[in-house]
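Have a look at the chains first, then read on.

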Amino acid sequence: MRQSVLKRFMKRKIAVLGAVIIVLFVFMALVGPYLCAYDPLDIDVLNKYQSSSREHLLGTDNLGRDTLTRLVYGARITFIISVTSVFIGSLIGMIFGVIAGYFGGKTDAVIMRATDVLLAFPGLLLAIAIVAILGTGIINTIIAIAIFSIPYLARIVRGSVLTIRNSEYIHAAKVIGASHLRTIIFHIVPNSLSQVIVNTTLNLGTAILTSSALSFLGLGVQPPDPEWGAMLSKAREVMRSTPIAALAPGIAITLVVMGFSLMGDGLRDALDPRSRND
Amino acid sequence: MNENILTIKNLKKYFPVKKDTFFERRKYVKAVDGISFTIREGETLGLVGESGCGKSTVGKVIVKLLEPTAGTVSFRDRDIYQMDNTETAALRKEIQMIFQDPYSSLDPRQKTGKIIMEPLIINKQKENLNETVLKLMRDVGLLEEFFDRYPHEFSGGQRQRIGIARALALNPSLIVCDEPVSALDVSIQAQIVNMMQDIQAQYNLTYLFISHDLGIVRHISNRIAVMYLGRIVEIAEKKTLFSKPLHPYTLGLLKAIPIPNPNEIQEQGLLQGDIPSPIDLPEGCRFHTRCERRMDICTKEHPIYREVEDNHFVECHLYD
């Protein structure tokens with residue numbers, strides 16, 4: 001079964017392209033820092049705002065730091081923020097979704113109204129509000145993005161649990177004496193996991209966008225740490241004279257977000273038996 | 001053989017219907033509306049009726065998947081709805097169920113061996129797990145190499161065998177079979193029914209066999225109960241029921257059994273019309289809207305369920 005999912009995924013060229021982009025960026029984040037000639041925090045004011053050259057392939061920023069080096073180190077921060085926050089958010093969202101869907105009734109109503117409240121805020125506004133309460137920094141950015149991805153997962157998981165709950169194999173589990181906890185862990189969760197994987201992948205793109213936006217506004221990662229959104233924000237001032245400084249992080253954000261979206265769409269098609277038309 | 005394993009008294013199960021407006025009176029689907037019967041140790045009791053007559057609901061109440069609205073269900077003289085948790089856990093080992101749809105009754109993410117093993121693990125029988133499962137698989141006619149395969153790799157008949165092995169794992173005394181073969185091909189049905197008879201002898205089982213197929217029920221049952229709109233209208237030994245049906249509904253059902261010989265002419269007098277809604281039940285006898293032998297009293301008074309002959313109960317004004 002796992003084999004056929006992979007096969008179906010591989011058939012979608014666009015999805016594979018997304019996966020390749022992500023793999024390249026992850027590789028860059030893991031290995032890149034060992035290959036860089038510069039330190040991302042080394043200031044060299046004499047050479048600020050340089051265009052691309054042999055020494056600085058993507059030029060330098062307002063303090064003369066090498067843009068390529070900062071991009072590579074920034075990939076690490078970006079991935080750490082997005083992966084941890086989405087993982088935490090998905091886990092919590094999934095727990096709430098499973099509880100709401102499985103027990104139904106009042107439990108369901110309370111949890112779903114709570115997610116409605118969270119969903120009523122525009123995503124970025126919610127993140128800004130959370131950061132405003134907690135303060136800036138990497139950890140708080142992670143918390144903000146995690147909270148923001150909880151309601152999406154909770155809703156989606158609840159939906160799939162509602163159908164699973166009425167399957168005869170759940171009745172069968174009850175008849176053989178399985179407890180609620182056992183039924184949830186061994187039957188409900190494994191059967192709703194494909195939904196979770198797809199939506200987590202799609203959420204990763206959104207998370208990167210949100211964390212960059214927060215940093216762009218000066219609310220996320222604080223200088224001097226290299227972060228794509230923050231780099232974009234600084235380079236904005238010299239867009240006309242040194243466009244490369246803004247283009248480089250901008251393109252990096254676009255590529256990664258696009259990569260996650262394409263991969264997520266491909267995963268959804270590959271895991272969903274209903275769209276098995278090829 | 002004659003001891004009662006399960007006694008059901010005046011069982012009712014109503015499902016609330018969603019109201020259209022707030023001020024409307026709440027209505028109920030009376031899926032099961034006051035039925036009483038007993039199942040004897042070692043027998044097979046067939047429960048037949050049209051779809052929607054409440055026969056599956058009866059099965060679900062017996063295995064505690066649904067709580068009854070009223071009435072009692074006693075297993076070996078203990079009310080199963082008065083039991084505490086330890087007693088309920090013990091009851092799970094005694095009453096098991098075989099489900100209708102073998103395509104949705106097996107968890108698609110579990111392998112055959114794991115599915116059959118699960119009841120053993122839950123009920124803390126830890127010794128020789130694999131051997132026990134393999135023996136069960138042999139008993140229901142599954143090959144040992146199926147142990148590590150997923151349900152989607154099997155045909156409907158094989159899946160149903162897995163479901164039967166799971167029900168057998170705890171060595172129960174009573175198995176509720178909820179239309180166990182109606183989702184299968186006719187050629188497979190016979191195999192499964194025969195296998196179920198073999199394991200009944202081997203494991204000393206009592207069956208409650210729920211079905212809408214009188215042919216199969218005739219093959220496997222000792223006694224047969226006929227349900228109509230939440231009531232048992234007739235219950236008798238198989239021979240009596242087929243040779244001397246008393247209730248007009250039973251008669252109609254028997255006439256509806258197809259004859260496998262094209263030259264023989266099907267008897268006339270098939271049931272006309274549709275089953276009334278279980279929300280707005282007809283006054284008097286529930287069957288009077290479709291009954292050929294309707295009398296005045298039928299539209300006014302509900303008939304009494306009475307023993308007309310030895311072990312032959314019927315609910316009809318014809319036998320007052």
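1. Helices here are DSSP runs of H or I with at least four residues, strands are E runs of at least two, and both are numbered from the N terminus. On that basis chain A has 10 helices and zero strands, so going by the DSSP runs its elements read α-α-α-α-α-α-α-α-α-α from the N terminus on.

2. Some ground rules: this is a predicted model, where local features need pLDDT of at least 70, side-chain atom pairs count only at pLDDT 80 or more, and totals for chains, interfaces and linings use all residues. Residues are numbered from 1 along each chain as written, chains are lettered from A and ligands numbered from 1 in the order written, and side-chain values use heavy atoms, with hydrogens and water left out.

3. The C-alpha trace of chain A spans about 75 × 45 × 30 Å along its principal axes. Among its contacts (heavy atoms within 4.5 Å) between residues at least 6 apart in sequence, 73% join residues at least 24 apart.

4. Chain B carries an open sheet of four strands, ordered β2-β1-β4-β5 with antiparallel pairing; pairing takes at least two DSSP bridges between two strands. Since β2 (28-40) and β5 (78-79) of chain B sit at the edges with a single partner strand each, one side of each has no neighbour in the sheet.

5. Strands β1 (residues 4-16) and β4 (residues 70-75) of chain B run antiparallel and are joined by five bridges. Leu6(B) has Phe75(B) in β4(B) as its bridge partner.
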